[in-house]
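The chain is shown below.

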Amino acid sequence: MAKNPVIGLLGGGQLGRMLCQAAGPLGITVAVLDAENCPAKQINHNSLHVTGSFKDPEKIKLLASRCDVLTVEIEHVECDVLEEIATKGIEVPSPDGNGTIMKRVPVHPSYKTIRLIQDKFQQKEYFAQNGLPVAPQMAIESGDARISSIQQAAERYGFPFMLKGAKGSYDGRGNFQVRSADDFKTAVEQMGDQPLYAEKFVPFKMELAVMVMRTEDDDGNLKKVYPYPVVETIHEDSICTKVFFPPRNVAEDIIQRAQKVACDVISRLWGRGVFAVEMFLDNDDNIIVNEVAPRPHNSGHLSIELVPQRSQFRAQLDAILDRVPSPEFSFVPQFPSAIMLNILGGAEPHSHDRLVDLTTSFYHPHANAALNMYGKESKPGRKIGHITAWGQSSVEQLAERISHLIKCMDEIRAERIGSNESIGEIVSQRGATPLVAVTMGSDSDLGTLTAGLKILKEFEVPHVVRITSAHRTPKEMMHFADEMNKSGCKVIIAAAGGAAHLPGMVASEVSIPVIGVPVKASVLDGVDSLYSIVQMPRGIPCATVGIGNSTNAALLAIRILGAAFPEYDEKMKAYQKKMKNEVLAKDEAMRTMGWEKYLTR
């Protein structure tokens, strides 16, 4: 390959922009195929760029004719033309100017890898065939057979299970959580006629991610894979918002297993480059592979500061140009902790400005923060930049030191999802992040909660139902509370009988409202449960409804949601009007027919 090679890049968004930033100091030219003013071209000007769609075969060939190697910023590209360029070549003018020659241009990662990853169902089928840990899945039929195929998935996996788009989905979109048979029709309507597959639902403690650099020789034989440190990712509204290094409260043996699984996954793919492996850590501490991205990834941004000599973008350049260090090389973090915060567009075009100002003025003697903006127009929920903080403390201490940044970020999100533009999307997605979490100490409490659950369903409130015992599974209960506190959940309903410590313990762990439902036990008629919940110590509020009255718990939760979501406020007003009309109708009937006849009606 040329001493000063030209890399052709399909896609010029923020990942392309950061790749260009890494390439410039190394004397590497990057030619970009994308729109004229895309983020990558804003900071990288040369005569080799191509303007157009990175899905246009002719534009891709034109870019290839100007380059020594092709790579991608996004996997949603045309693989057939990449295969043609890599195996058959493209026609270019001959060096002597007499006629043309065929020029083969390497594509990294390989078109075979990109083609496989474009179909998430086939991707996981391939991983399963190679003995890698994935959740059980099945293809969903199309057309008239779709409903019956979803029914088969329900029979196989039980409720809930995930319905996912096999192609084209991105950032968690294209997923639908099927909670009951009532969701079948809604799922079909919402997911459309795209290829679908069903996947068994995996209850998980957290999501982990590992970036991996893959190297191979010119014949396509694997040389070695190099894992980055494992990170914990937080997703809200189907998009990554925060990344923590190291993962919080995760044992070292789990960290090592996650790295090994990630390396095993990438070893079975093709081509050079940097890959992201997203995984679940389930409740039994098993590592389950979720999906792979064949490129630099949001979860790897903190590598710019954490591994400054070999960020994921530098590693992408090194890998595809076969400039990899010795086999003994490894990615060693320069600091014991780091946190990445995505800057997402808010309800207004300038909502994020206050977060940017806080970051640029950030000072702490034991922590640092760096700002990276992408040169993109702000739109609600769009990634327009990120912040990386790092220091010599634990990741928990670091989070405390940048808590004002996290708080500002969360406030911008709250404003965004409370805006009229976002409400319809969140409420209509039955598989979306739950706004209400319902938990109970035992499945015997489910009967008490059923009336309230029906109310949540009637009001179309996205919700999740869990069993978390304060006494039998205290660690799991604490994890559940922490998980809900970090998610988009707005209210928790907790039911318990007897000593009934569950609502109060959950309330002590979260900053969102908790509503306790006393459950009538076999003795004392539930009075003990009521006292246990209502007599919380000063400073730890826990709302309490009547014994067994989950209906009021659900209605109170909806009223709380109504303060931020006008749609629920309107539904509550309609519900109250309906109750009023029912009472007036009964009064009219009694006055008309008399109380004796009304009694025997």
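## Backbone and packing report

P246 sits in the loop that runs between β14 (239-245) and α9 (252-267). The peptide bond leading from F245 into P246 is cis, and its omega is near -10 degrees. The model is a predicted one.

A cis peptide bond also joins F159 and P160, with omega of about -10 degrees. P160 belongs to the loop between α7 (146-157) and β8 (161-165). Most peptide bonds are trans, and most residues other than glycine have a negative phi.

Phi is positive at D237, about 55 degrees, although D237 is not a glycine. D237 is placed in the loop between β13 (231-236) and β14. Its relative accessible area is 23%, so D237 is partly exposed, given that buried means under 20% and exposed over 50%. E460 is another residue other than glycine with a positive phi, near 55 degrees. The loop that holds E460 lies between α16 (446-458) and β21 (463-467). E460 counts as partly exposed because its relative accessibility is 41%.

**Helix pairs**

| Helix | Partner | Angle | Axes apart |
|---|---|---|---|
| α3 (residues 57-65) | α4 (residues 79-87) | about 30 degrees | 10 Å |
| α1 (residues 14-23) | α11 (residues 312-320) | about 70 degrees | 8 Å |

Helices α3 and α4 pack at an angle of about 30 degrees, which makes α3 roughly parallel to α4, since angles under 35 degrees count as roughly parallel. The crossing of α3 past α4 is right-handed. On the α3 side the contact is made by P57, I60, K61 and A64, and on the α4 side by V81, L82, E84 and I85. Sorted by class, the contact of α3 with α4 has six nonpolar residues, two charged ones and no polar ones.

For α1 and α11 the angle is about 70 degrees, and therefore α1 is roughly perpendicular to α11, a term that applies from 65 to 115 degrees. L15, M18, L19, A22 and A23 of α1 make the contact with F313, R314, Q316 and L317 of α11. The residues of the contact of α1 with α11 comprise seven nonpolar, one polar and one charged.

**Buried positions**

Helix α19 (residues 527-534) has D528, S529 and I533 buried. These residues lie on the same side of α19, because the arc they cover around the axis is only 125 degrees. The elements that cover the buried residues of α19 include the strands β22 (491-497), β23 (514-519) and β24 (543-544), as well as helix α18 (502-509).

M484 is a residue of helix α17 (residues 474-486). Its relative accessibility is 5%, so M484 counts as buried. With neighbours within four places in sequence left aside, M484 is in contact with A437, V464, C489, I492 and I512. R17 is 467 residues from M484 along the chain, and the C-alpha atoms of the two are separated by 34 Å.

Technical notes:
Residues numbered from 1 in each chain as written. Predicted model: local features only at pLDDT ≥ 70, side-chain atom pairs only at ≥ 80, totals over all residues. Heavy atoms only, no water. Buried < 20%, exposed > 50% of the residue type's maximum accessible area, 1.4 Å probe, protein only. Helix = DSSP H or I, 4+ residues; strand = E, 2+ residues; numbered from the N terminus. Arc of directions from axis to C-beta. Contact = heavy atoms within 4.5 Å. Axes fitted to C-alpha atoms, helices over the stretch in contact; angles between N-to-C directions. Parallel < 35°, antiparallel > 145°, perpendicular 65-115°, else oblique. Left-handed = near helix turned anticlockwise from the far one by under 90°. Nonpolar A, V, L, I, M, F, W, Y, C, P; charged D, E, K, R; others polar.
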